[in-house]
Amino acid sequence: MKKIVALLMASAMAASLAACGGSAQSSEATSAAPAESTAAESTATDGKKYEGVELTMWSMWSAGEVQANAIQAAADAFEAETGAHVNIEWKGRDVNTLISAALESGEKLDIFEDDYNRIGHAYAPYTYDLTEMANAVGYDDFSYACFNDQSKEWAGYLNSIVEQPQIGGIFYNKDVFDACGITETPKTWDEFLTVCQTIKDNGYEPLALDGAYANFNFYNHLVRHLGEDAIAELGKNGGWADNEAAVTAAQEIIDFVNAGYLAEGAPDAYPASQTKVGLGTAAMVVCANYVTSEVDAAVGEPVNWGFFNYPEVEGNVDASAYAGANSLAISSNCENPQAAFDFIMTIVTGTCGQELVDKGGQIPADTRLKESVLAGSVETLKNTTTPMSWCGSLNTLDGWSSIKSSMIELFEGKYATGADYCAYLDTLCG
Amino acid sequence: MKKNKTMIFLFILPTVLCLLFMYVYPVVRTVIMSFFKVESLTATTSTWSFYGLQNYFKILRNAGFISSMKNMVMIWLVGGIITMCLSMLMAVILTSGIRGAKFFKAAIYMPNIISAVALATMWIQYVFNYDYGLLNQIVKAFGGENVRWLGTDLIFWAMMIAFIFGSVGYYMLIFISGIEGIPQDLYEAATIDGANIFDRFFQITLPLLKGVIRTCVTFWSINATTFFLWTKMFSPINTETATIVPVVYLYDTVFGGKGVVERDAGAGAAVGVVLTLIIIAVYVITNLILKDSDLEY
């Protein structure tokens with residue numbers, strides 16, 4: 001009797017394990033079936049264009065976020081209109097740790113969402129060429145050339161559609177500017193310093209800065225003095241201390257800090273300092289445009305935001321602004337790329353696109369949509385030809401974490417002169 | 001009871017299979033991968049190219065990896081000593097028959113049932129905050145000026161304090177279970193012989209807890225080596241030298257980061273292998289130092 005019971009228990013354990021494996025297989029088979037049958041079914045329909053089509057999308061948003069709600073509503077509307085059902089999996093911000101494995105293993109994944117830079121590089125071999133479908137809808141006419149050109153340059157073809165364009169520069173609280181009587185945004189470093197002094201004289205803190213963005217802040221300044229190529233060269237081979245422009249750039253930041261233009265406690269722990277712009281105690285922050293929605297969420301009400309490009313310096317070399325994007329791509333093994341593309345268009349244009357702008361506080365992915373938070377951001381992006389990168393090739397250096405920390409230290413006032421700082425950079429580069 | 005080998009085999013088989021597929025296979029694959037140039041973690045083996053020891057040379061020459069190792073050693077050694085001493089102290093006090101021992105046990109253990117993310121947020125936003133954090137309120141009450149606790153100089157120690165706060169309760173419970181297993185007769189006999197509280201601790205409690213201490217050191221070594229979340233919370237967005245640890249370096253190497261699209265799964269695998277060897281070495285050394293004795297609890 002004991003043997004029989006033992007045998008039954010062992011069998012039950014083995015069966016439960018087998019069931020675990022089996023369910024994955026059956027799920028795969030189930031999810032693959034509609035796609036396989038799509039070609040045959042899509043023509044025999046009751047009038048709906050993609051009846052029976054099933055698409056799988058991995059999103060970088062988390063369930064419940066305003067962007068997720070807007071996209072889900074778009075999926076429901078798309079299904080009602082075309083008959084195609086979209087299974088959206090809300091993977092959250094760490095979606096980049098999952099996409100490669102899914103693409104390389106051939107998992108059923110039709111649409112995915114990530115940084116357009118990563119889509120253009122790391123995922124490029126597994127992405128669908130969207131050029132023809134984009135041309136058919138006149139995508140170039142209502143999108144940003146800077147992103148499309150980059151995508152084509154990196155992947156060899158248009159392999160992503162921008163969903164969330166981003167622009168970097170200086171974001172300011174218009175109410176604080178008004179209270180200080182500042183009517184013109186500064187174009188040059190000298191004008192910027194004057195604005196900072198005016199703000200300080202009026203009892204406000206000029207510039208908020210969290211340690212997390214200290215590198216981006218200083219990189220903007222370096223780019224003005226040196227340009228990205230020269231920075232890359234110095235990062236690779238050293239020679240910072242011998243470069244007059246680099247020394248000047250660092251010295252200007254040291255002088256800026258010594259003049260007391262940084263907010264109290266800055267560089268602070270993210271997001272403490274940037275929140276001060278929303279609270280109205282600090283006036284400006286150097287970041288990308290998502291800072292506006294982060295700060296709005298932190299203070300619980302929309303801030304009266306303004307934006308201007310990082311000011312030019314004396315002998316300015318490069319006036320470009322940072323531009324980046326979270327984009328949507330179609331995997332190369334997608335069996336219904338046209339349906340997937342149509343759904344992507346549903347997300348980035350029309351009602352959903354406008355909702356992402358209005359509720360998500362983002363820049364319109366479709367240039368025909370109405371701007372919500374940052375007036376002029378669409379025009380700025382449309383006029384951008386060569387966008388500045390997020391800290392460029394310095395990111396790839398062996399000592400990048402040390403360089404980033406040194407940039408925080410620069411804003412902490414740890415270096416007496418620009419030459420001292422550049423000499424330290426030379427110990428980390430080359 | 002008569003042993004039935006077939007039954008034993010059948011019962012063990014599912015576990016052995018799980019172990020082989022879910023543990024041994026990834027470990028073997030990671031070790032092999034560390035000798036190859038591999039960009040993506042899940043790239044097919046046909047795309048791998050033999051790289052010899054280059055991945056190991058690469059990480060050992062990398063300033064970020066060296067910083068991460070230094071930080072890990074500091075967490076293991078300094079954090080370990082402080083955590084073990086505090087845990088042992090709490091355990092001894094709470095097993096000495098003081099009133100309210102149950103309450104204090106629960107209170108000290110509580111950080112372990114709270115999400116580490118919530119715990120880290122609490123420390124960052126309410127304790128170390130520059131403007132309204134608890135510590136700066138205390139500093140100001142004594143007439144001092146605000147301190148930048150999360151600046152580059154102090155952020156590592158701030159992170160360490162928060163981590164220790166969350167760890168003490170766990171090790172305290174392990175020590176308590178060990179101490180409670182020691183027969184009271186020994187203490188009574190020692191007291192009759194004139195031993196004071198320190199004599200009893202150093203001559204009875206500590207020697208008899210060797211096995212427990214060995215277990216705690218091994219657990220702590222694993223915790224220090226796999227340290228990840230606290231760094232991510234204290235340095236969100238960008239990894240910084242002061243807080244980087246090997247697992248975060250591994251993560252950044254394998255998956256890239258903000259503005260970084262380069263990935264190197266081979267180098268990441270090498271980091272994983274190095275960390276595994278460190279844990280094995282610590283385990284072996286701990287066993288050599290704290291040898292098994294006939295009597296321990």
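Select helix H2 (residues 54-61) and helix H13 (residues 265-289) of chain B: their axes come within 9 Å and cross at roughly 75°. Axes here are lines fitted to C-alpha atoms, for helices over the stretch in contact, with angles running from 0 to 180 degrees between N-to-C directions. That makes H2(B) roughly perpendicular to H13(B) (the term covers 65 to 115 degrees). Helices are DSSP runs of H or I, at least four residues, numbered from the N terminus.

This is a predicted model, in which local features need pLDDT of at least 70 and side-chain atom pairs count only at pLDDT 80 or more, while totals for chains, interfaces and linings use all residues. Residues are numbered from 1 along each chain as its sequence is written, and chains are lettered from A in the order in which they are written.

Next, show the residues where the two helices meet. B:Asn55, B:Tyr56, B:Lys58 and B:Ile59 in H2(B) meet B:Gly266, B:Ala267, B:Ala270 and B:Val271 in H13(B); contact requires C-beta atoms, placed from the backbone, within 7 Å. The classes are five nonpolar, two polar and one charged (Ala, Val, Leu, Ile, Met, Phe, Trp, Tyr, Cys and Pro are nonpolar; Asp, Glu, Lys and Arg charged; the others, Gly among them, polar).

Now select the side of chain B that touches chain A, where 38 residues of chain B contact 38 of chain A. Helix H1 (5-33) and helix H3 (63-94) of chain B each supply at least two residues to that side, and H1(B) gives the most, with four. The chain B side has 17 nonpolar, 15 polar and six charged residues.

How values were computed: Parallel < 35°, antiparallel > 145°, perpendicular 65-115°, else oblique.
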